[in-house]
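Colleague: I would like to go through this model with you. Let us start with single residues and then turn to the whole chain.

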Amino acid sequence: MPKETLLKQYRLCKHCLERHISTGRSSRPCYICQGLMDNLDVIANSILAAVKAFEFDTFLIGATLSTQIYEREDTMRARLKIRGKESIKHYLTRELGMRLARLARKKVEYRKPDITITLTVDKDNNVDVAVISRPLAFSGVYIKRSRGLPQKQDKCASCIGKGCNSCNYSGLSGSDSVEGIIAKELVRITRGQTPKFTWIGSEDQSSLVLGSGRPFYVRVFNPKKRKLKNKTIKDKGITAMLNLINDIPIIQPRFIVKTKIHIKCQNMLTKKILKKINSLSGSKVSFENKLKIGIKSIHSVRVRQLDSNQFILTIVAEGGLMIKQLVGGEEYMKPNISDTLGAKCECVMFDILDVQLQ
């Protein structure tokens with residue numbers, strides 16, 4: 001379409017004119033953008049100010065424009081039968097991306113940018129800038145040498161886990177657990193929020209976790225700091241070692257757990273009776289859990305008698321085997337310690353001696 005025909009019917013700025021006929025002339029106010037494109041440098045500086053709080057190497061800019069802008073452009077294109085030209089949204093984000101890349105010396109990345117910048121433009125061309133950082137993923141292990149510390153923390157009562165000022169954006173009620181201790185430090189060093197944990201098994205509040213520790217994964221959302229080294233956290237008898245990884249596995253890995261169980265039996269025990277437990281070595285234990293039947297393998301067992309009705313059982317088994325149910329026979333667990341010994345038994349306490357991923 002000739003430039004003269006377009007300009008005769010619509011007054012366009014040089015940016016909107018170039019998008020439609022590949023040549024430019026400034027003629028304000030622009031029918032389509034009504035001055036938005038004249039403020040590209042101002043908007044770019046606003047973006048630059050917004051991203052200064054973030055460590056990043058790559059970025060992507062997206063935009064939501066007012067419906068009035070789209071309607072004006074569509075009306076003009078339909079009337080003049082203009083097709084196949086770049087949209088105002090694509091042009092805006094491309095131009096701003098080039099400006100930010102030059103100003104911040106960073107790169108545009110479409111697949112997995114470190115930060116995503118979203119512009120919201122209202123009908124009066126007011127521009128709001130929002131920045132979201134790609135989550136960080138960590139793999140870790142923790143050792144627990146003090147009893148009385150639970151694995152998990154309750155959610156913050158104010159935000160129900162979303163993150164707020166009350167919980168320092170951890171989403172948790174405090175730091176009185178393994179989760180709370182690690183989350184508190186991760187929020188501090190990443191300046192992110194709401195760490196989400198993937199646990200490789202669990203233990204009681206009274207249990208110790210020894211050996212090489214229990215593995216876990218954690219994802220921290222909207223971090224401002226990304227360039228982190230491996231981290232060791234120590235507090236309240238907890239030692240946690242964290243490594244930055246690319247992403248958390250979709251499928252949880254299989255694992256084997258070595259557990260020391262203190263068991264008390266209602267009946268008197270003899271060495272002959274206790275030898276029956278050896279039959280559990282190499283067995284498969286079935287149980288019902290949440291309307292599903294599960295099967296876990298026991299690789300080995302070792303028994304040490306304490307007195308006439310108490311003993312220590314050291315067991316190496318497939319991860320996910322419920323220790324208290326194995327001892328007492330709850331959850332329809334077969335075989336179990338109580339049935340094997342022919343007397344009701346209870347788990348006094350158990351400690352995790354080691355966890356090995358397979």
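Colleague: Is E318 buried or exposed?
Modeller: This is a predicted model, where local features need pLDDT of at least 70, side-chain atom pairs count only at pLDDT 80 or more, and totals for chains, interfaces and linings use all residues. Residues are numbered from 1 along each chain as its sequence is written, and side-chain values use heavy atoms, with hydrogens and water left out. Buried means under 20% relative accessible area, exposed over 50%, and partly exposed in between (1.4 Å probe, protein chains only). E318 has a relative accessible area of 13%, so this residue is buried.

Colleague: With which side chain does the side chain of E318 make a polar contact?
Modeller: E318 lies in strand β13, residues 310-318; strands (E, at least two residues) and helices (H or I, at least four) are DSSP runs numbered from the N terminus. E318 touches F255, I295, K296, S297 and H299, among others, leaving aside residues up to four places away in sequence. Such a contact means heavy atoms within 4.5 Å. A polar contact is a pair of N or O atoms within 3.5 Å (within protein, one must be able to donate a hydrogen and the other to accept it, and residues adjacent in sequence count only if both atoms are side-chain atoms); at 2.7 Å, the partner of the E318 side chain is that of R254.

Colleague: What relative accessibility does V355 have?
Modeller: V355 sits in strand β14, residues 345-357. Its contacts include S212, G213, R214 and P215, and also F255, I256 and V257, not counting residues up to four places away in sequence. V355 counts as buried because its relative accessibility is 3%.

Colleague: Where is I160, and what is its relative accessible area?
Modeller: I160 is in the loop between β5 (136-144) and α6 (178-190). Most residues other than glycine have a negative phi. I160 is not a glycine, yet its phi is positive, about 55 degrees. I160 is exposed, with a relative accessible area of 55%.

Colleague: What phi does K236 have?
Modeller: K236 lies in the loop between β8 (231-235) and β9 (238-245). K236 is partly exposed, at 40% relative accessible area. K236 is not a glycine, but its phi is positive, at about 55 degrees.

Colleague: Which residues does a cis peptide bond join?
Modeller: Most peptide bonds are trans. P335 is in the loop between α8 (323-328) and α9 (337-341). With omega about -10 degrees, the cis bond joins K334 and P335.

Colleague: How far apart are the C-alpha atoms of T270 and Q310?
Modeller: T270 is in the loop between β10 (255-265) and α7 (271-274). T270 is partly exposed, with a relative accessible area of 39%. T270 and Q310 are 40 residues apart along the chain, and their C-alpha atoms are separated by 10 Å.

Colleague: Why is the chain more spread out than a compact globule?
Modeller: The chain has nine helices and 14 strands. The radius of gyration is taken over C-alpha atoms, and the globule rule is 2.2 Å times the number of residues to the power 0.38. For 358 residues the rule gives 21 Å, so the chain is more spread out than a compact globule, with a radius of gyration of 31 Å.

Colleague: What box do the C-alpha atoms of the chain fill?
Modeller: Of the 358 residues in the chain, 46% are buried. The box is taken along the principal axes, and the C-alpha atoms fill roughly 105 × 40 × 35 Å.
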